[in-house]
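Hi,

Here is the structure I promised to pass on. Have a look at it first, and my notes on what turned up follow below.

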Amino acid sequence: MALLEITGLEKSFGGLHALQGVDFTIDEGEIVSVIGPNGAGKTSFFNVISGLFPPDAGSIIFDGDDLAGHEPNEITTRGIARTFQNVRLFPNMTVLENVMVAQHCRTKAGLFGSVLRTPRQRAEERMIEAKAKDVLSFFGTRLAGYRYDQPAFVLSYANRRRLEIARAMATEPRLLLLDEPTAGMNPRETVELTELIGKLRSERGFTVVLIEHDMKVVRDVSDRVVVLDHGIKLAEGSYDQVSSNDQVIEAYLGRPAERNGGEG
Amino acid sequence: MNLRKAVNRGLITGLAMSFIGGIGMVTAFNGKVLIEPIVTLGYAVLFALPFVVAVVSTKRVVLEGVETEPYGWGDVAMGAVIGLVGGLLTAGYVILIDTIDVTHTFPDMGPPTVLEMTFHKGLPVGLALLAGGSLLAGTLGGAVRLIPERARSALFVGLLWVVGFAFFEPVIEDMFEFARVVTRFIYAPNGGLNGVAAVIIFIVVTGLAYRFQGGESVLRTRLVGVDDRGRSFPTKLALLLIGVGVVVLPMVLGGLVNELLINVSLFMLMGLGLNIVIGMAGLLDLGYVAFFAVGAYTTAVLTAAQSPTWNPELGWWAALGVTMVVAVIAGILVGTPVIRMRGDYLAIVTLGFGEIVRILLLSDWLKPYFGGAQGIRGIPGINFFGLTISGVDPQLFIYFCIFFVAIAVVVSYRLLYSRVGRAWAAMREDEDVAEATGVGTVTAKLLAFVTGAVLASFAGALVSAKVGTVFTNSFDVLVSLIILVVVIVGGMGSIPGVMVGALVLIGVLGGPRSPGLLAELAEYKLLIYGMILIVMMLKRPEGLIPSARRSRELHHEELTQDAWLDKKGQFTTEQAEEVPA
């Protein structure tokens, strides 16, 4: 059975139809890229799945339950975590705290436990910290050691992106939604992150959906590519299938493929 | 020297001097003698103006790589001009209010002010003294920077101590009740430092400060870590000393100072509660006084024999248990409807809630239960091993206040570094992202409201036991605002900051209804609160003792630059790290 099964997803903002009946499925252990020109509805797609906006119509079946219209924190608790296109960390909290917050939905200590410092709460705190450090170790030494206690805003751009992925990982999701994880990175950093996305599956067992503009990354990591344009799914298939699809080329380049071929 | 600038500043100074004279501040403040017989608080404030303006005006902005003009006689001249222009303008103003009678509209701009401003010496001599004094103060202000740095800061410390001794006269007299000899030597019989004692204190302290310069920065680096989790041995020792001091001091201090400290601790308690709501969770609550009122009234109804309609006459501690439950319910009731509101909207709505509670308690509708404008009388006090302790016994009562403040401090610290505290911090930074990260913001907000409400209700329960009566007019908007000022001035989100804020503001200036150390300030308290708030916002927006998170927030740029330097101080950039081995 598919891990996430979306049928007929619709979302409009006033007269703008961001999503017009999108169908999408992903199986456990897959890495799927969502591509499309600017304004195609990719980020809206993520926002609706993660609960930031409720969908107008359609169903989002995750692991057997319909998540449409649920609160974002409930959806995160069910096991879908995301990153944001324009990195949104908690800039004044430290690197470690940023990741520790993400354990919120997996832990229980409340007011009384925290105030009384019960043995259970202390054990839980140690567990949270260990877990956070483990997640950060996924990025080698880049976010480790003295970085733990640095506020997030001092990090370089690439490190902020890494930290955001770490924060999403720390919610212990089954499905990770990465919104342009390599945007703004230099070629070397991009190559490194491409490898890491592969490891997200092979080492940590996450299922990954990513929005990406860098076609090299898309080609290297994805099992399957979904193309969106004007809120409609244009094509779906392997990278090679999609990249030779006439409609896709038209959407990207803005003119019919055969005329292009005819002139050349 | 820039004459235009000097005259400009002088005119501003003159306006300020005329203003504080015109609102009767000089007259009122002259009730407090600082140094017998000449220096009174009113004149000190009056002549501090040209001095401070001159000091500030001669300050140079030092830019790297740009040659700045060295300090010289030009600065002294500038100070002199500022002082003279300010003094002459003020003198002109005094002549004006002496000749034209405006007392029907501005009651303070009349003969008493003229008399004080001319030093009771008649117009010609008095005005000459006024202008001359201002000229002298301004000149000194301009000359300050000619003194070498080390001597200057030593002189400043000496001055601070003299002012401190003068301000803390009631405290010191209270402490040395048993040894009148000491205080008789330092203080004049009818108030104020003895002239000789003042000079001795000044010389001794200045000398010591000059000799041991730099020592305090070592101490400061040791104490700065208090906000952090890993506490070093010196900070532990300092905390222990503070603890012992807190236990011993009330016994040493007399009734007057203890009374004052009770007020301070009540505001500490409420400040710490509001700090959880605003500083940690970022919910701007302007109706916080409502929870204070709920606590006070619940305790009153449950314990007072004269409580109308229903009087179970419970003991104070039993009532406290019920009060906590009621506060939790109140927190949820106020919190639930505003859960989806943010920022300004939240502030306005909570402001409304605060007033609603007060007006309900005052209303005829609930008069049978809460006594309306008459309030509730005859609250017995705190029952403690057969004793009943109330405000008439401040030396004992303060220990209960300290106990609850200690609870608030522990609760605050433990919550700050816990799952709940992190959720609040995340919510304060970015509510949408916090929610997407799995933080249930509805629960987190309610928890913040409820915790804050319970701490305020403790303060309410204490205040009703202390005073023995509760009236609605002790719970107006002003109380909410003063608590907010305490939190802002102390440092939002900073636990030691809020406590210092309460100590400084409530202790020295006084709360909305209680006098502080300087009882003479009473009438101008709110004006001074406003001035302190403005100065703090301009000069030190993160508060007296800032919390780590908040000062990061306000100093992003500087920190980002520092972060390029790694721990050893070597210059390493992230770019250098990116090079693979």
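Let me start with a helix in chain A: α1 (residues 42-49) lies across β3, β6, β7 (175-179), β8 and β9 (224-229) of chain A, and runs at about 145° to β7(A). Helices here are DSSP runs of H or I with at least four residues, strands are E runs of at least two, and both are numbered from the N terminus. Axes are lines fitted to C-alpha atoms, for helices over the stretch in contact, and angles go from 0 to 180 degrees between N-to-C directions.

Before going further, some housekeeping. This is a predicted model, in which local features need pLDDT of at least 70 and side-chain atom pairs count only at pLDDT 80 or more, while totals for chains, interfaces and linings use all residues. Residues are numbered from 1 along each chain as its sequence is written, and chains are lettered from A and ligands numbered from 1 in the order in which they are written.

Back to chain A and its sheet. Six strands form an open, mixed sheet in the order β6-β7-β8-β3-β9-β10. The edges are β6 (80-82) and β10 (232-237) of chain A, each with a single partner strand, so one side of each has no neighbour in the sheet. On average, neighbouring strands are turned by 20° against each other, direction ignored. Inside the sheet, β3 (residues 31-35) and β8 (residues 207-211) of chain A pair in the parallel sense over four bridges; strands count as paired if DSSP finds at least two bridges between them. V34(A) has I211(A) in β8(A) as its bridge partner.

Chain A has some antiparallel pairing too. β1 (residues 4-13) and β4 (residues 57-62) of chain A are joined by five bridges, and T7(A) is partnered with S59(A) in β4(A). β4(A) also runs antiparallel to β5 (residues 65-66) of chain A, with two bridges, and F62(A) stands opposite D65(A) there. Their hairpin has two residues between the strands, and D63(A) takes a positive phi near 55° in it.

Now for chain B. Helices α14 (residues 289-303) and α15 (residues 316-335) of chain B pack at about 145°, with their axes 9 Å apart. The residues making this contact include F291(B) and L302(B) of α14(B), and W316(B) and V334(B) of α15(B); residues are in contact if their C-beta atoms, placed from the backbone, lie within 7 Å. By class, the contact has 11 nonpolar, six polar and no charged residues. (Ala, Val, Leu, Ile, Met, Phe, Trp, Tyr, Cys and Pro count as nonpolar, Asp, Glu, Lys and Arg as charged, and the others, Gly among them, as polar.)

α22 (residues 477-490) of chain B is mostly covered, with 11 of its 14 residues buried, meaning 20 or more other C-beta atoms, placed from the backbone, lie within 10 Å of a residue's own. Those buried residues pack against α13 (255-280), α14, α16 (343-362), α23 (495-509) and α24 (525-539) of chain B. Just after α22(B), G491(B) takes a positive phi of about 130°.

Finally, the two chains meet: 32 residues of chain B are in contact with 35 residues of chain A. On the chain B side, α19(B) gives the largest share, seven residues. By class, that side has 12 nonpolar, seven polar and 13 charged residues.

Over to you!

Note on methods. Buried ≥ 20, exposed ≤ 12 C-beta atoms within 10 Å, placed from the backbone.
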